[in-house]
Amino acid sequence: MARVVVDVMLKPEILDPQGQAVQRALPRLGFEGISDVRQGKRFELEVDGPVDDAALARIHDLAESFLANTVIEDFTVRVDGKVADVAEAAK
């Protein structure tokens with residue numbers, strides 16, 4: 001089995017109140033020098049069989065239609081720590 005990771009993040013132009021709350025709390029907790037925090041989601045998918053182009057295409061479709069809201073989020077698909085695909089919302 002192979003592991004495929006899908007990371008989903010809000011687009012840079014989208015307000016991230018949870019990330020801002022964490023960023024504001026850091027100095028109070030003694031962590032200085034952090035200028036920005038963005039919050040996201042990570043999905044780990046165990047794939048039966050090889051992760052070939054067809055499998056990556058299916059996972060890309062899954063991420064685009066179910067795991068991410070592509071209006072406000074971008075996502076990456078990784079296999080073994082390498083970026084396999086990046087989706088951007090249609091403009």
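Modeller: A residue is called buried under 20% relative accessible area, exposed over 50%, and partly exposed in between, with a 1.4 Å probe and protein chains only. The model is predicted, so local features need pLDDT of at least 70 and side-chain atom pairs count only at pLDDT 80 or more, while totals for chains, interfaces and linings use all residues. Residues are numbered from 1 along each chain as its sequence is written, and side-chain values use heavy atoms, with hydrogens and water left out.

Colleague: In what order do the elements of the chain run from the N terminus on?

Modeller: Helices (H or I, at least four residues) and strands (E, at least two) are DSSP runs, numbered from the N terminus. The chain has 2 helices and 4 strands. From the N terminus on, the order of the elements is β-α-β-α-β-β.

Colleague: Is Glu-73 buried or exposed, and at what relative accessible area?

Modeller: Glu-73 has its place in strand 3. Contact means heavy atoms within 4.5 Å; beyond its neighbours within four places in sequence, Glu-73 is in contact with several residues, including Val-8, Leu-10 and Leu-67. Glu-73 counts as buried because its relative accessible area is 10%.

Colleague: How far from a polar atom of the Glu-73 side chain does the backbone nitrogen of Asn-69 lie?

Modeller: A polar contact is a pair of N or O atoms within 3.5 Å; within protein, one must be able to donate a hydrogen and the other to accept it, and residues adjacent in sequence count only if both atoms are side-chain atoms. Such a contact, of 3.4 Å, joins the side chains of Glu-73 and Lys-41. For the backbone nitrogen of Asn-69, the distance to a polar atom of the Glu-73 side chain is 2.7 Å.

Colleague: Which strand holds Lys-41, and how many residues apart in sequence are the parts that its pair with Glu-73 ties together?

Modeller: A salt bridge is a side-chain nitrogen of Lys or Arg within 4 Å of a carboxyl oxygen of Asp or Glu, and the side chains of Glu-73 and Lys-41 meet in one at 3.4 Å, N to O. Glu-73 lies in strand 3 and Lys-41 in strand 2 (residues 40-47), so this pair ties together parts whose separation in sequence is 32 residues. Lys-41 itself counts as partly exposed, because its relative accessibility is 32%.

Colleague: How many residues apart in sequence are the parts tied together by Arg-78 and Asp-7?

Modeller: Arg-78 forms a salt bridge with Asp-7, with the closest N and O atoms 3.3 Å apart. Arg-78 lies in strand 3 and Asp-7 in strand 1, so the separation of the parts tied together is 71 residues.

Colleague: Which residues are linked with Arg-42 in a network of salt bridges?

Modeller: The count of salt bridges comes to 5. In one of them, the side chains of Glu-44 and Arg-42 meet at 2.8 Å, N to O. The residues linked with Arg-42 in the network are Arg-3, Glu-44 and Glu-46.
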